[in-house]
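Take a moment with the two chains before reading on.

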Amino acid sequence: MSDWVDACAEDEIDAEDVIRFDHGERTFAIYRSPDDAYYCTDGLCTHEQVHLADGLVMDHIIECPKHNGQFDYRDGAPKRVPVCEALGTYPTKVENGRVLIRIG
Amino acid sequence: MSGMVIVGAGECGTRAALTLRADGYDGPVTLVGAETGDPYERPPLSKPDPDASPRRVPVATAERLSELNIDFRPSRTADRIDRAARKVHFADGTALAFDKLLLATGARPRRLTDPDDGHATAFRDFEDAKRLFVAPARRVTLIGAGLIGLELAAALRVRGHDVTVLEASDRALGRSVLPDLAGRIVARHREAGVDLRFDAAVSSIEPDAVLLCDGTRVPSETTIVAIGVVPETALAEAAGLATEDGIAVDATLRTVDPDIYAAGDCAAAAHPLYGRRLRVETWRNAQDQGMAAARNMPGAYTPYARVPWFWSDQYDLGLQVAGLPDEGAVTATRDLGPGATIIFSLSPDGRLVAASGLGPGNAVARDVRLSEMLIERGARPDPAALADPGVGLKSLLRAAGT
């Protein structure tokens, strides 16, 4: 059974950057790393529910645009206060120039 | 071993206690706060969700502090410091000995003395927020068009209150926000129906009105004085520690007494980048200085050098400022798309000293953050590149090196 969702084109995200992706009631952040790998996490920060797609990506770190909390977007691990709770992460794959995420 | 004593259980003091433990300090840590209940974040108090009560967002719960073996003592007011005996005495007659003491006493709202503001209230803690926001729609007057005054004006207006803002000077938001951006924020308030008046000198505050020096009577059921804060320096002063506008500390946040530190709103800290003391009244500064003090108290002695940064949300607008805009001589403006701009301030010798952004939601956040890193590195970016949205600030940061 496949629950892969087509999220965006590969080139919609710049290298070392992030975009927002909404699906149904849920919201996600999709990242392209400096070495062109794609990652997906929950969209909202675990601290104060600020959307991370407005935040800054540096290397493999996403920083909340409001409180400077940081996560490693590859595994969702918290990297800087005030965040202490990990972000949910979701598998991704690229097919025919499209980024797919599995959010089942 | 007496260990570490922290006076003040706001963002700064609590973060210091948590950092001591996170960094492996295993001696006694005592965190003493004047307020009741768990330590909480203040910024959400002035910007509650439109349809919800103000939230008390914990910095750490009492349970968590206890797990970390942090002795948390709320509802206790420090009375005096005995430097010779290395003890803090409390109003309830008890005392605590310390090896190192951190003063994270914060700041209190400045009050009006002439005229007397006994019929007005201040806005500082969770109880103030509950009183203000849980009441039905009514006429509210805010004295002062600074950040707190305007954030409260926006939050009250969207809840249907009639809001008047009285500002004594001829502009909003003082020196921390450039006039162009302050003007746009003022326009947004007026569009929302806030009655915002400049050059409004208050002659008296009545139970049901504010009277202005020109004879105008502004009916007001609730009047709030929001004219800034005064650092809590009394403990330090009485103990003979140097104070100016804040408790004077060096770049490692240490006072003239090597066993006593100060951090957050109450501290005027020597800043390596600016070559003078700065007292910064922001949430992030409270957090970061608390963490820095916690590293320095056991002996790290690392200078604290972060650039001041703050944000404010009013209606759909997000303001973010990194650096000190009033140190700028020339500016360059970058257009970030619909309604979003960043104004860069450069010193006479071309150093980037501030980035001030205003736009919908968090549209300016990323570029202001990158600007902050440029400022920290003392970068001298080409103003034309700063003004060109086609030039990524990350590329300027790489050019500036580390």
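What percentage of the 104 residues in chain A do buried residues make up? The figure is 51%. Here, buried means under 20% relative accessible area, exposed means over 50%, and partly exposed lies in between, with a 1.4 Å probe and protein chains only.

Some ground rules come next. This is a predicted model, in which local features need pLDDT of at least 70 and side-chain atom pairs count only at pLDDT 80 or more, while totals for chains, interfaces and linings use all residues. Residues are numbered from 1 along each chain as its sequence is written, chains are lettered from A and ligands numbered from 1 in the order in which they are written, and side-chain values use heavy atoms, with hydrogens and water left out.

Start with chain A. It has eleven strands and zero helices. Helices (H or I, at least four residues) and strands (E, at least two) are DSSP runs, numbered from the N terminus. The C-alpha atoms of chain A fill a box of roughly 40 × 30 × 20 Å along the principal axes. The radius of gyration of chain A is 13 Å, which agrees with the value near 13 Å for a compact globule of 104 residues. That radius is taken over C-alpha atoms, and the globule rule is 2.2 Å times the number of residues to the power 0.38.

Now look at contacts within chain A. Contact means heavy atoms within 4.5 Å. Take the contacts between residues at least 6 apart in sequence: 40% of them join residues at least 24 apart.

Charge is next. Chain A carries 10 positive and 21 negative side chains. Lys and Arg count as positive and Asp and Glu as negative, while His and the chain ends are not counted. The centres of the two sets in chain A lie 3 Å apart. Each charge is placed at NZ of Lys, CZ of Arg, CG of Asp or CD of Glu.

Turn to chain B. Its secondary structure comes to ten helices and 26 strands. The radius of gyration of chain B is 22 Å, close to the 21 Å from the globule rule for 402 residues, so chain B is as compact as a globular protein of that length. The C-alpha trace of chain B spans about 60 × 60 × 35 Å along its principal axes. Buried residues make up 54% of chain B. Among chain B contacts between residues at least 6 apart in sequence, 60% join residues at least 24 apart. Chain B exposes about 16,300 Å², with 50% supplied by carbon and sulfur atoms. Its 46 positive and 54 negative charges have mean positions 3 Å apart.

Where do the chains meet? In all, 24 residues of chain B are in contact with 20 residues of chain A. The two chains bury about 1,800 Å² between them, 45% of it on carbon and sulfur atoms. B:Asn362, B:Arg366 and B:Lys394 supply 36% of the area that chain B buries against chain A, more than any other three residues. Buried area is the accessible area (1.4 Å probe) that two parts lose on being put together, summed over both.

Zoom in on A:Pro65. It sits in the loop between strand E6 (61-63) and strand E7 (70-72) of chain A. A:Pro65 counts as buried, at 5% relative accessibility. Beyond its neighbours within four places in sequence, A:Pro65 is in contact with residues of both chains, including A:Val50, A:Leu52, B:Trp309 and B:Asn362.

Finally, check the backbone. Most residues other than glycine have a negative phi, and most peptide bonds are trans. A:Glu16 has a positive phi of about 55 degrees although it is not a glycine. This residue lies in the loop between strand E1 (4-9) and strand E2 (17-23) of chain A. A:Glu16 is buried, with a relative accessible area of 15%. B:Arg86 has a positive phi of about 50 degrees, and counts as partly exposed at 31% relative accessibility. A cis peptide bond joins A:Val81 and A:Pro82, with omega about 10 degrees. Another cis peptide bond joins B:Asp114 and B:Pro115, with omega about 5 degrees.

Technical notes
Accessible areas come from the Shrake-Rupley method with a 1.4 Å probe; for residues, only the protein chains shown count as cover.
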